[in-house]
Amino acid sequence: VSGQGGGVGAVRLARLLRDAGVTRFGVNSVEEAQLLRESGFETEEILMLRSTVDREELERLVDLSVVCTVSSVDTGLALNAVAENRSTVAEAHIQVDTGFGGFLISEPEKILLAYRSLPNVALSGIYTQLHAVTGKSQEVDGQLKQFQQVLEAIHQAGFETGTVHAAGSFALMHFDCARLD
């Protein structure tokens with residue numbers, strides 16, 4: 001529902017989706033997350049599809065029980081510090097870069113560092129943002145293949161990834177292979 005639901009309105013679209021059984025929503029700003037919470041989306045999972053190291057934003061996200069994005073060691077450490085200061089554990093998803101931001105696929109050791117060294121962050125999912133803007137399935141297939149290699153490295157190191165998903169409206173609407181967990 002990010003970007004005001006593509007112009008429809010975040011709350012209006014979220015209500016329509018909730019009525020259809022959807023319980024997870026992606027936003028791109030603290031304001032969108034707060035708007036959903038204030039509009040009665042109290043138990044639904046809201047995922048911030050943008051990482052931040054801004055302390056004030058992280059504090060608001062933790063207070064709103066929003067699932068944050070960890071896209072680098074720095075963003076993970078910043079979220080961990082906020083959660084530790086609040087004596088809580090923040091929930092987050094790892095973002096892997098297959099062309100649109102996140103941990104680099106060529107540096108799996110940094111992703112594994114996040115799993116090993118963030119005691120106040122519960123990593124409950126992992127995702128990539130698909131950047132396909134054309135109808136080329138080989139582009140999406142290539143991105144998903146890279147993403148799968150990262151998932152395998154994480155599993156081989158003994159970690160569970162939780163929910164595995166992809167963001168990117170065009171790819172999700174046009175390619176079945178992009179619809180993961």
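A residue is counted as buried when its relative accessible area is under 20%. By this criterion, strand β6, spanning residues 121-129, is mostly covered in the predicted model, with 7 of its 9 residues buried. For the protein as a whole, buried residues account for 44% of the 181 residues.

Strand β6 has pairing partners in β4 and β7. With β4 (residues 90-97), β6 pairs in the parallel sense, and the pairing extends over 7 bridges. In this pairing, Glu91 lies opposite Ala122 of β6. Strand β7, made up of residues 163-167, also runs parallel to β6, to which it is joined by 5 bridges. Here Tyr127 stands opposite His165 of β7. In a regular strand, side chains alternate between the two faces of the sheet.

The protein comprises 8 helices and 7 strands in total. Its radius of gyration is 16 Å, which agrees with the value near 16 Å that a compact globule of 181 residues would have. Along the principal axes, the C-alpha atoms fill a box of roughly 40 × 40 × 25 Å. Of the contacts between residues at least 6 apart in sequence, 57% connect residues at least 24 apart.

Definitions and conventions:
Residues are numbered from 1 along each chain as its sequence is written. This is a predicted model: local features need pLDDT of at least 70, side-chain atom pairs count only at pLDDT 80 or more; totals for chains, interfaces and linings use all residues. Side-chain values use heavy atoms; hydrogens and water are left out. Helices (H or I, at least four residues) and strands (E, at least two) are DSSP runs, numbered from the N terminus. The radius of gyration is taken over C-alpha atoms; the globule rule is 2.2 Å times the number of residues to the power 0.38. Buried means under 20% relative accessible area, exposed over 50%, partly exposed in between (1.4 Å probe, protein chains only). Contact means heavy atoms within 4.5 Å. Two strands pair if DSSP finds at least two bridges between them.
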